[in-house]
Amino acid sequence: MANDDELAAYLEVLKRQPGKDIHLSGGSSFARSELALGLVDEFYFFVYPVASPGVPWFSEISDQRDLRLERVCLMFGD
């Protein structure tokens with residue numbers, strides 16, 4: 001597993017290359033790390049109901065972020 005500095009350096013190299021968006025997938029601690037490093041342009045949240053209190057996503061982020069809701073897409077299974 002890479003530390004924050006290694007991951008930030010790797011992603012900066014990827015961002016300089018031609019191609020499409022970079023998609024990262026993970027949990028709340030991963031998201032907090034990437035957001036703190038300034039590496040997040042967009043969030044896509046997928047919410048799955050579970051019988052657990054869960055983990056707060058943004059409670060450890062001390063500075064204010066300028067975020068806006070782009071769209072909501074609801075999908076329902078059978």
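How many helices and how many strands are there in the chain? There are 2 helices and 0 strands, where helices (H or I, at least four residues) and strands (E, at least two) are DSSP runs numbered from the N terminus. The model is predicted, so local features need pLDDT of at least 70 and side-chain atom pairs count only at pLDDT 80 or more, whereas totals for chains, interfaces and linings use all residues. Residues are numbered from 1 along each chain as its sequence is written, and side-chain values use heavy atoms, with hydrogens and water left out.

**View 1. The start and span of helix α1.** At the start of α1, a side-chain oxygen of Asn3 comes to within 3.0 Å of the backbone nitrogen of Asp5.

**View 2. The two sides of α1.** Leu7, Ala8 and Leu11 are the buried residues shown in α1, buried meaning under 20% relative accessible area and exposed over 50%, with partly exposed in between (1.4 Å probe, protein chains only). Seen down the axis of α1, its buried residues fall within an arc of 100 degrees (taken from the directions from the helix axis to the C-beta atoms), so they line one face of the helix. The face turned away from that buried side carries the exposed residues Asp5, Tyr10 and Arg16.

**View 3. Packing between α1 and α2.** The buried residues of α1 pack against α2, residues 28-36, and what covers the buried residues of α2 includes α1; contact here means heavy atoms within 4.5 Å. In α2 the buried residues are Ser28, Ala31, Arg32, Glu34 and Leu35. Seen down the axis of α2, these residues fall within an arc of 170 degrees, so they line one face of the helix.

**View 4. Leu35 and the end of α2.** Leu35 lies in helix α2 and counts as buried because its relative accessibility is 5%. The C-alpha atoms of Leu35 and Ile61 are separated by 8.4 Å, although these residues are 26 residues apart along the chain. Just after α2, Gly38 takes a positive phi of about 75 degrees.

**View 5. The chain as a whole.** Buried residues make up 12% of the 78 residues in the chain.

Methods:
Polar contact = N/O pair within 3.5 Å; in protein donor to acceptor, adjacent residues only side chain to side chain.
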